[in-house]
Amino acid sequence: MTVALSAMAAAGEPGQAAGYPKGGFSVEAAEAELAALQGQEQDLELEIEKLYSRAAHLCQSESRSLAYVGEQHKQVPAAIRKLQETLQQTSGVADELSSRVRKLDTVCGRVSEALKLVDDMLELRECSDQVKQAIKSGDYEQAAKYVARFRASQGNLPPGTDDASVRILMEAEEELSGIVRRRFEAAMSSKDSESVSRFAKLFHPLGLASEGVQKYVEFIRKSLAEKCSADFKQQLGSIGGGGIKRADQCPSPHAEALTSVFVAIADVVQEHQQSVEQEFGPLNFVVVVRGLLEEADIQGMRVIDKFSKDHAKVFSQQTLPDMREVGAVLEETAMITQRVQQFHTYIHDVARSVVEMVEDKAAFAESLPAGHSEQDGLPENTKLVHRVQELVSNYVLVEQNFLLQSVEKAIAETDSLDPYDPDQLTTTLVDDAFFILRESMLRSITTCDINAVCAVVNNVNAAVSNELRQALASNLSDGRGRYSNWVTHPKNLVLPKKGDHPLASLFMDQEGKIRANLTASVSWPHSMNNVQQCLENLDRLKESVEETFDEYFPPDGPDKDKRVMFQHCMDQLANSKSELETLHANQCKDGLNILKIHLRPMMEPLDKLDYNISEAQYADFQVNDPFAKGFNYQADIIHQHIKAVLNPVSAEEIMQQMADQTCRRIEKAALTKRFSIFGAVQFDNDVRAICAFFTNVSEQALRHKFARLNEMASLLNLESVEELKEILPDMRTWRLAPDEIRKLLASRSDFDASEDQIDRLLPY
């Protein structure tokens with residue numbers, strides 16, 4: 001390597017070898033580098049030797065481990081054979097031990113049976129020795145316990161076991177059963193509640209639970225019937241009493257009598273439920289409830305039959321009884337229906353809560369008589385409920401007849417107008433009619449029968465849509481002619497002094513006296529107010545009825561699926577309201593036509609007015625207004641009059657229609673006139689003045705009605721084509737038609753623009 005480096009150094013030029021300094025190649029440096037490399041080589045050789053030595057050691061160690069594992073593997077088959085032998089021996093021992101355990105268990109079972117048999121025989125002999133003594137001493141409860149113990153162990157005794165004791169106990173059971181039956185009957189006859197309760201409890205240990213429950217139900221029903229009969233006589237008198245109310249009777253004696261029946265049953269349930277369930281079990285209490293329900297049918301139908309008989313005149317509708325009497329009967333009918341519905345819900349809830357405690361629901365369902373519900377064990381429909389449904393059908397018919405007669409009476413007989421009170425804008429017709437409608441609807445809701453509610457709502461809707469609407473329309477027609485003739489006199493538009501009626505002269509006869517028996521038919525304003533009041537009352541009626549309906553028929557109640565039927569009926573009432581709204585709107589138009597006789601003279605100056613005026617004429621118009629001021633003055637007189645005699649809604653509607661017709665009238669006139677720039681300014685002033693008047697007197701926004709007039713004024717006030725170009729983008733949203741725009745621009749006598757220029761600017 002040294003020779004090679006020397007040769008390389010001799011062959012190369014100084015400074016030409018890559019990687020060496022420019023000073024030239026150095027032999028000393030190469031030797032130093034070589035020495036360093038040799039040192040590194042020695043270090044690597046030592047490291048390799050160490051690694052080799054370690055690898056040799058590891059190989060020797062692992063070889064010994066592998067040899068040991070091999071030896072162990074040869075011993076595995078022998079160990080497995082030894083383990084198999086051990087398991088076989090263990091299995092044999094386990095089988096032998098299991099056999100011994102089974103034999104021991106059998107022996108223990110036989111010993112237990114023998115011990116139990118001995119206990120039963122001892123208990124049997126004890127019961128036979130004691131039962132006769134207990135019966136003789138009158139300790140029937142203890143005797144019943146002995147019989148119950150005998151009955152519990154009787155099935156476990158083998159045949160022929162102590163026949164003498166069995167015979168004694170069977171004779172004691174028969175004797176005790178007879179005593180209990182006789183004593184129970186005697187207690188029932190003597191109305192000894194304590195003894196009835198005592199002996200009723202003995203039926204169950206004697207194996208006579210069903211008979212005991214039936215006897216108990218019989219006693220309860222008998223006691224209940226006697227109490228109800230006493231209450232019936234006290235509250236309603238005898239069956240043949242004719243239904244004449246005593247002075248001390250309440251307004252609804254039949255409903256109170258029926259309520260007494262239901263309260264008595266509720267008291268029985270509260271008093272006896274716990275004891276019956278403890279002595280006879282929950283299933284037997286359902287039998288008790290079933291018996292109470294049957295008694296409720298008997299006593300309830302007795303009251304309802306009495307009620308129907310006492311008020312046969314009302315339900316037959318063959319004669320015309322006093323309306324107050326009919327109203328009272330309807331109120332009591334609704335109360336009776338409500339009480340029955342509430343009791344029906346209560347008694348079924350009680351039974352349902354008992355059935356929920358029954359564990360074997362399938363066996364319970366199989367034991368039910370036909371027509372009984374699995375949820376509560378009671379009949380799905382009772383005689384009382386069926387009878388009440390018949391009563392409700394009669395109620396709906398009587399309610400309909402009562403409703404129509406009352407509304408017709410409010411319309412034709414009792415309607416009254418107060419000619420002295422200027423603040424009384426309506427007659428009594430509306431209040432009377434809607435009082436009847438509201439009472440009928442709310443009364444129907446209290447029946448708790450949703451079908452009756454819907455029927456009455458439909459009847460009310462028919463009365464509003466037919467009788468009431470026709471009466472309102474007839475009054476409007478009759479009053480229109482009288483009012484039209486009266487209001488043509490300008491003096492009648494002038495408001496009187498405070499406290500006087502603005503329509504006073506309308507109510508006077510030829511002698512200057514107020515006519516008697518004034519009704520809505522003599523006053524068109526009162527008839528209009530009646531219509532608007534009906535619309536407001538319909539909204540209040542709907543709100544009140546729906547609130548009460550939700551109270552009696554909650555959204556999560558049993559009739560939740562039928563609520564849509566009620567809502568449909570209420571929607572029909574909204575249709576009747578729409579008919580009245582149409583009538584009101586048409587009458588507002590007629591009212592404006594009546595009052596326009598005072599506006600026509602104020603519009604005549606507009607027809608004759610020349611807007612092609614000079615500056616001097618314009619200045620004169622500022623002092624002597626030719627049109628707008630006079631129109632606003634007369635329109636204000638009309639507004640003050642209708643505000644005094646009409647309700648705010650009707651007055652507002654008439655003013656809105658007046659503004660609409662005024663705008664169309666001015667628009668029509670403007671399209672027929674010629675304008676100078678001063679005339680355009682005057683036209684703009686007139687439009688602004690009239691718009692300001694209607695804006696001030698109106699509650700609702702009506703500036704949109706003047707949109708076309710404002711566009712006309714803006715267009716007529718243009719002074720050059722350049723100004724027209726500036727407003728072209730805004731004109732795209734204008735309400736004026738293109739032909740109207742061209743016509744208005746052409747009507748400007750001093751507008752400097754040719755027809756071609758306008759056509760180029762207005763290509764559409």
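## Helices H19 and H20

In this predicted model, the axes of helix H19 (residues 628-645) and H20 cross at roughly 160° and come within 10 Å of each other. Axes here are lines fitted to C-alpha atoms, for helices over the stretch in contact, and angles run from 0 to 180 degrees between N-to-C directions. H19 and H20 are therefore roughly antiparallel; angles under 35 degrees count as roughly parallel, over 145 as roughly antiparallel, 65 to 115 as roughly perpendicular and the rest as oblique. The crossing of H19 past H20 is right-handed, the term for a near helix turned clockwise from the far one by less than a right angle, with anticlockwise being left-handed.

On the H19 side the contact (heavy atoms within 4.5 Å) is made by Phe-631, Ala-635, Ile-638, His-639, Ile-642 and Lys-643, and on the H20 side by Ala-651, Ile-654, Met-655, Met-658 and Thr-662. Eight of these residues are nonpolar, two polar and one charged. Ala, Val, Leu, Ile, Met, Phe, Trp, Tyr, Cys and Pro count as nonpolar, Asp, Glu, Lys and Arg as charged, and the others, Gly among them, as polar.

## Helices H15 and H20

Helix H15 (residues 524-552) and helix H20 (residues 648-670) have axes that come within 9 Å and cross at roughly 110°. H15 and H20 are therefore roughly perpendicular. Trp-524, Met-528, Gln-532 and Glu-536 of H15 meet Val-649, Ser-650 and Ile-654 of H20. This contact has four nonpolar, two polar and one charged residue. Ile-654 also takes part in the contact of H20 with H19.

## Helices H12 and H13

The axes of helix H12 (residues 383-412) and helix H13 (residues 428-445) are 8 Å apart, at an angle of about 170°. That makes the pair roughly antiparallel. H12 contributes Tyr-395, Glu-399, Phe-402, Leu-403, Ser-406, Val-407, Ala-410 and Ile-411, while H13 contributes Leu-429, Asp-432, Ala-433, Ile-436, Leu-437, Ser-440, Arg-443 and Ser-444. By class, the contact holds ten nonpolar, three polar and three charged residues.

## Loop residues

Asp-376 sits in the loop between helix H11 (361-367) and H12. Asp-376 is buried, at 3% relative accessible area; buried means under 20%, exposed over 50% and partly exposed in between (1.4 Å probe, protein chains only). Beyond its neighbours within four places in sequence, Asp-376 contacts Val-286, His-348, Ala-351, Arg-352 and Val-355. Its C-alpha atom is 7.7 Å from that of Asp-349, 27 residues away along the chain.

Cys-448, in the loop between H13 and helix H14 (450-487), has a positive phi near 65°. Cys-448 is buried, with 16% relative accessible area. Asn-517 lies in the loop between H14 and H15, and its phi is also positive, near 55°. Asn-517 is exposed, at 75% relative accessibility.

## Chain totals

The protein chain has 25 helices and zero strands, both taken as DSSP runs numbered from the N terminus (helices H or I, at least four residues; strands E, at least two). Of its 764 residues, 41% count as buried. Among contacts between residues at least 6 apart in sequence, 75% join residues at least 24 apart. The accessible surface is about 41,900 Å², with 52% belonging to carbon and sulfur atoms; areas come from the Shrake-Rupley method with a 1.4 Å probe, and for residues only the protein chains shown count as cover.

## Basis of the values

Residues are numbered from 1 along each chain as its sequence is written, and side-chain values use heavy atoms, leaving out hydrogens and water. As the model is predicted, local features need pLDDT of at least 70 and side-chain atom pairs count only at pLDDT 80 or more, whereas totals for chains, interfaces and linings use all residues.
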